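I opened this entry to look up a few local features by eye and by number. My notes follow the model itself.

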Amino acid sequence: MAALRYAGLDDTDSEDELPPGWEQRTTKDGWVYYANHAEEKTQWEHPKTGKRKRIAGDLPYGWEQETDENGQVFFVDHINKRTTYLDPRLAFTVDDNPTKPTSRQRYDGSTTAMEILQGRDFTGKVVVVTGANSGIGFETAKSFALHGAHVILACRNMTRANEAVSRILGEWQQGAATTVYCAAAPELEGLGGMYFNNCCRCMPSPEAQSEETARALWALSERLIQEGPGGQSG
């Protein structure tokens with residue numbers, strides 16, 4: 001439970017809340033298991049829901065997985081220079097139900113474009129959408145734009161095209177929701193080094209993960225501060 005308190009995840013009304021004396025851990029290959037300290041035993045199933053879970057996705061940028069002298073997995077946050085036994089991906093686990101296969105397709109006729117793109121980041125991508133001022137074309141253009149893509153609306157009528165652009169730009173008000181979610185969501189407390197878009201965790205663009213670019217931006221920031229008002233040059 002100490003690791004859970006460290007990340008602020010022990011105080012919740014969720015059905016996934018663990019009973020007193022229980023701790024959630026992960027294996028090297030990403031499976032979640034539960035330790036019962038009162039009875040000194042472990043199990044794969046959640047003590048309340050009976051579900052099995054596994055970690056979804058890679059570690060956030062700047063994080064590394066290590067193993068201590070007792071064989072227990074812990075995690076190093078190089079950006080914030082700290083270590084924790086709590087896997088930073090535990091807020092994004094998925095249920096594992098191998099005994100209940102389903103033939104239902106992932107998407108159906110009621111699925112929206114925003115739902116399909118959920119968690120994706122298209123920063124740096126260029127998308128050309130024909131007939132983008134209405135109908136399916138508009139929804140496609142809007143969805144890609146709200147997920148970071150540079151969208152070109154190919155329309156015959158410039159007036160309708162400009163109206164479509166205005167409607168899409170109006171949707172950008174949602175951008176504040178991501179900032180508020182990351183600042184206030186209790187399940188994210190104590191976690192760092194992650195990238196979110198539309199309130200969903202996703203991988204940042206390759207350029208955003210470039211150490212060379214990061215060093216160049218840092219050097220530029222220092223130079224601008226020195227050259228700015230009140231700064232000291234030289």
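**Setting.** I am working with a predicted model.

**Sheet S1-S2-S3.** I began with the open sheet whose 3 strands are ordered S1-S2-S3. Its pairing is antiparallel. I then looked for the edges and found strand S1 (22–26) and strand S3 (41–43), each pairing on one side only. From one strand to the next, I get an average twist of 30°. I followed S1 into strand S2 (residues 32–36): 5 bridges join these antiparallel strands.

**Sheet S5-S6-S7.** I turned next to an open sheet of 3 strands in the order S5-S6-S7, again noting antiparallel pairing. Which strands stand at the edges here? I find strand S5 (63–67) and strand S7 (82–84) there. Each has a single partner strand, so one side of each lacks a neighbour in the sheet. Ignoring direction, neighbouring strands of this sheet are turned by 30° against each other on average. I counted the bridges between S5 and strand S6 (residues 73–77) and noted 5, in the antiparallel sense.

**Aspartate 77.** I stayed on strand S6, where aspartate 77 has its place. Is aspartate 77 buried or exposed? I read 0% relative accessibility for aspartate 77, and the cut-off for buried is under 20%, so I count this residue as buried. I then checked where its side chain goes: the side chain of aspartate 77 reaches the backbone nitrogen of isoleucine 79 at 3.2 Å. I also listed the contacts of aspartate 77, leaving aside neighbours within four places in sequence, and wrote down Gly62, Trp63 and Arg82.

**Helix H6.** Last, I checked the length of helix H6 (residues 211–227). At 1.5 Å a residue, its 17 residues should span 24 Å. I find the end C-alpha atoms 24 Å apart, which agrees. What caps the N-terminal end of H6? I find serine 210 there, with a side-chain oxygen 3.4 Å from the backbone nitrogen of glutamate 212.

Key. Residues are numbered from 1 along each chain as its sequence is written. This is a predicted model: local features need pLDDT of at least 70, side-chain atom pairs count only at pLDDT 80 or more; totals for chains, interfaces and linings use all residues. Side-chain values use heavy atoms; hydrogens and water are left out. Helices (H or I, at least four residues) and strands (E, at least two) are DSSP runs, numbered from the N terminus. The expected span of a helix is 1.5 Å times one less than its number of residues. A polar contact is a pair of N or O atoms within 3.5 Å; within protein, one must be able to donate a hydrogen and the other to accept it, and residues adjacent in sequence count only if both atoms are side-chain atoms. Two strands pair if DSSP finds at least two bridges between them. Axes are lines fitted to C-alpha atoms, for helices over the stretch in contact, and angles run from 0 to 180 degrees between N-to-C directions. Buried means under 20% relative accessible area, exposed over 50%, partly exposed in between (1.4 Å probe, protein chains only). Contact means heavy atoms within 4.5 Å.
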